[in-house]
Amino acid sequence: MPLLWIVIAVLVLGTIGYVLGRRRAMASAEGDARSLHSLPNYYGLNVLLFAVVPALLVLSVWLLVQPVVIQRQVVNMIPDTAAQSAGELSLVMSDVRRVADGLDRAVELGALSREDARTIRTEFTNVRDRLASIGVALGDEVSSDVLRAAQRYRVLKTTGTIAMDAVVLLLAAIGLGYAYARTHKELRARNVVERAVLSLLILASTIAILTTVGIVLSMIIETRDFFRLYPWQQFFFGTQWIPSFEGGSELGLIPLLWGTIYITFIALVVSVPLGLFSAVYLAEYASSRLRSVAKPMIEILAGIPTIVYGLFALITVGPMLRDYFAQPLGLGTSSASVATAGIVMGIMLIPFVSSLSDDIINAVPQSLRDGSYGLGATKSETVKQVILPAALPGIVGAVLLATSRGIGETMIVVLGAGAAARLSLNPFEAMTTVTVKIVGQLTGDTDFSSPEALVAFALGLTLFAITLGLNVLALFIVRKYREEYE
Amino acid sequence: MSDATAETPRKSSLYRTSDRVKRRNRSEVRFRVLGLTAIGIGVAALALLVISIIGNGYNAFRQTYISIPVELTADRLDPDGNRDADEMSRVTTFGYAPLLAQSLYTYLQDQDISMEGVSPQALMAMISQEAPAQLRRSVLDNPEMVGQTVDLEMLANGRIDGYFKGRVTMASAELDSNVTPAQLQLAQRMADAGIMATRFNWAFITNPDASGQRPEAAGLGVAILGSFYMMLVVLALALPIGVAASIYLEEFAPQNRFTDAIEVNISNLAAVPSIVFGILGLAIFINFAGLPQSAPVVGGLVLTLMTLPTIIIATRASLRAVPPSIRDAALGLGASKMQSVFHHVLPLAMPGILTGTIIGLAQALGETAPLLLIGMVAFVREFPAAPPEGLFDPTSALPVQVYNWTQRADPAFVERASGATIVLLLFLVFMNAMAVILRRRFERRW
């Protein structure tokens with residue numbers, strides 16, 4: 001683990017810098033901490049930061065850039081005849097990497113000398129057998145181009161790593177020396193250190209932005225590739241979902257979207273009345289004892305992982321619905337069905353609806369209730385005619401959030417809804433959703449240049465856009481129509 | 001006056017409820033009942049879920065074993081006779097299997113247990129396919145065992161095990177090509193003779209996964225370790241980053257567009273479907289950065305990004321709960337803004353931050369969908385090495401293991417999946433209880 005060692009080396013340098021800086025500051029103040037500008041520790045930290053931060057920054061940038069540069073250099077060595085398309089090129093490159101790793105391993109185990117690994121040629125040796133003998137399995141016979149590319153790759157990688165180590169250590173030493181030389185009792189060490197800490201804090205808070213950018217970029221790039229291979233009209237308006245990895249697949253979004261919407265609709269039919277009624281009861285009627293028991297019980301439902309709901313759908317709810325409803329009514333024989341997934345998802349969504357609504361109902365001021373009672377309304381009339389209208393925007397927001405949660409839900413539908421893409425109205429039939437197909441197309445060994453795998457990114461982007469739209473809409477409704485009470 | 005009232009009775013009276021009031025009162029009762037029913041259904045659903053998982057899963061914690069003396073004949077296991085582990089490792093599990101079958105056969109004969117209707121092959125099939133492999137491993141570890149007769153406890157086949165747990169019955173065995181009623185009767189006789197017994201199954205917690213034909217040997221060891229490694233990564237990354245981001249946003253950030261952008265981003269990330277994070281992990285960490293598939297480090301990174309919003313929201317709430325007087329007092333005594341935050345505000349907010357972190361970790365522990373996309377579904381039997389190298393080894397994770405087992409054909413895996421869910425839920429209950437205790441003990445009301 002050479003990377004770990006270089007990091008440790010930098011940290012050790014930093015620690016040495018800390019001790020030296022602190023000592024030098026104390027010496028410049030002749031041992032009297034009162035004449036220093038900052039507390040002695042800040043002088044040490046100042047040196048430590050100068051030694052560690054630039055070195056580690058360069059290290060991480062280098063680690064990101066080096067593979068790209070090496071890739072460029074090596075790709076040029078592969079003749080155009082060996083790889084026509086981008087997909088083939090990436091396959092050849094992964095071969096190159098595997099051969100290079102194999103050579104590394106051979107050198108490590110002593111099966112090849114360093115010199116041999118650099119000069120070995122396919123014309124004289126069967127590289128595949130040599131590598132197989134030390135447990136590195138290669139799929140194809142190694143062509144001489146690939147071997148040369150792999151050797152070049154190794155050389156570049158080794159020199160790159162050595163250069164990186166040298167640069168990083170040098171930088172750490174320079175930083176240490178510079179900060180050490182500047183250390184003096186007049187130096188405003190605390191201000192420097194605090195500015196550095198502040199920029200670390202800012203850096204940490206930009207991670208959220210970086211994540212969003214990463215999500216959007218990664219999906220947009222792959223989706224663009226997908227739409228190059230597959231027309232977007234057929235994706236958005238196609239009514240057939242028949243993927244086949246031999247090519248000629250039909251990848252229409254409509255049946256997946258239908259399944260998603262149907263299941264989410266059933267989930268809402270279950271969860272909105274249940275959630276709303278329990279929220280109203282807990283807020284308006286329940287004694288504090290019932291509330292203290294029932295509220296946490298319902299909130300436990302929100303803490304249960306979705307895989308557990310999925311298992312519940314698979315082993316309990318699915319067979320129950322099939323045996324007591326679908327088969328007697330002659331509606332279907334499948335235990336995985338829209339109704340199964342919808343009902344279980346509805347149970348999962350109860351706490352989302354109820355605890356959000358509970359907060360909103362509690363925010364309606366008591367004076368509104370008192371006014372209603374004063375006019376002679378019963379409690380339920382107050383709830384129906386005063387409280388719910390006042391809380392409506394918040395409740396609509398809560399329902400929209402629950403919808404977005406349901407649309408993005410994966411494990412319940414993977415285990416409860418089935419995998420057959422169809423457009424049907426029968427709730428006891430198996431249907432499938434966008435999320436199920438994302439999982440289906442991306443699990444296992446996938447070739448990332450085929451439309452069948454890339455379609456998952458287009459599905460992901462669609463999903464992301466829909467849920468984002470719902471969340472923004474929910475936020476907008478809550479903000480726009482919220483009643484401001486004194 | 002008095003006769004006027006007697007002649008024309010008043011239409012309404014407080015003493016007599018009118019129809020309209022009755023109707024309104026009835027609707028009031030109806031409303032109440034509806035509310036109670038809704039709560040009742042919610043609680044009943046929770047109860048049904050827990051009962052169904054426990055009812056299906058508790059059997060995974062018990063396993064049927066066959067205990068017999070086995071003679072480890074030297075000419076079979078060590079043909080050269082020099083007890084060299086390398087040479088002995090050339091004898092595969094196929095060399096060990098007949099040994100077990102032979103021992104079982106002779107032992108049953110000695111004990112006068114009738115093997116009516118059970119052929120030697122069928123007798124062999126009552127032993128788990130895992131048993132020879134286990135015996136081989138222990139023999140290779142202790143070559144001096146060869147030539148001796150040892151008391152061996154070996155796993156019974158999954159169907160036989162299912163018979164003692166009520167999953168397999170005589171009626172279902174008639175229809176099942178993998179087991180016959182005669183085998184079950186023999187198993188019953190063996191159990192009566194004390195050769196076969198069902199007892200607590202530690203192997204379920206410690207063993208790695210096993211292939212589809214041997215559900216009786218499948219365990220959660222690798223998955224628990226993988227989940228633990230991922231939680232380490234999440235804790236090491238999400239806690240410092242989340243706390244740093246919250247401190248900036250709550251204490252230092254000026255009111256401007258940049259701050260607004262961050263805040264909007266954080267609240268959006270909290271609502272992004274988890275599977276989208278899986279796509280991100282696949283595209284960036286695996287395809288772009290070239291990190292290995294199925295590795296805890298990738299899972300940990302993805303879960304970190306998912307957990308960050310939870311931790312940031314909790315941390316900001318507890319930073320906000322620290323009264324301004326603390327900050328003012330520190331500033332008044334000459335501390336810098338940074339010192340007031342790090343020396344005074346942060347320690348006071350720590351219990352709330354830790355509670356939020358534990359709840360975030362609990363969420364991350366149960367998350368499945370993103371892990372499916374980064375290759376965690378792979379069948380992994382090797383335990384990962386110790387960290388840090390182990391973070392790059394392929395592993396599984398608890399919730400993914402549940403998913404994995406639901407995809408297998410043998411119904412015994414339903415029991416395993418439910419058992420794994422029980423383990424997962426126990427971990428979650430433990431973590432949430434810890435969060436509650438932390439909050440109760442250290443939370444301060446100002």
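Predicted model: local features only at pLDDT ≥ 70, side-chain atom pairs only at ≥ 80, totals over all residues.
Residues are numbered from 1 along each chain as its sequence is written, and chains are lettered from A and ligands numbered from 1 in the order in which they are written. Local features need pLDDT of at least 70 and side-chain atom pairs count only at pLDDT 80 or more, while totals for chains, interfaces and linings use all residues.

Biologist: At which residue does α12(A) bend?

Modeller: Helices are DSSP runs (H or I, at least four residues) numbered from the N terminus, and α12 of chain A covers residues 338–363. The bend is the angle between axes fitted to the seven residues ending at a residue and the seven starting there. A proline, A:P351, follows within four residues of the bend, which is about 35 degrees and lies at A:M348.

Biologist: Is A:L423 buried, exposed or partly exposed?

Modeller: A:L423 is found in the loop between α15 and α16 of chain A. Buried requires 20 or more other C-beta atoms within 10 Å, exposed 12 or fewer, and partly exposed lies in between, with C-beta atoms placed from the backbone. Because A:L423 has 15, it is partly exposed.

Biologist: Which helix gives the largest share of the side of chain B that touches chain A?

Modeller: Contact means C-beta atoms, placed from the backbone, within 7 Å. On that basis, 70 residues of chain B are in contact with 69 residues of chain A. The largest share of the chain B side, 19 residues, comes from helix α2 (residues 19–57) of chain B.

Note on methods: Helix = DSSP H or I, 4+ residues; strand = E, 2+ residues; numbered from the N terminus. Expected span 1.5 Å × (residues − 1). Contact = placed C-beta atoms within 7 Å.
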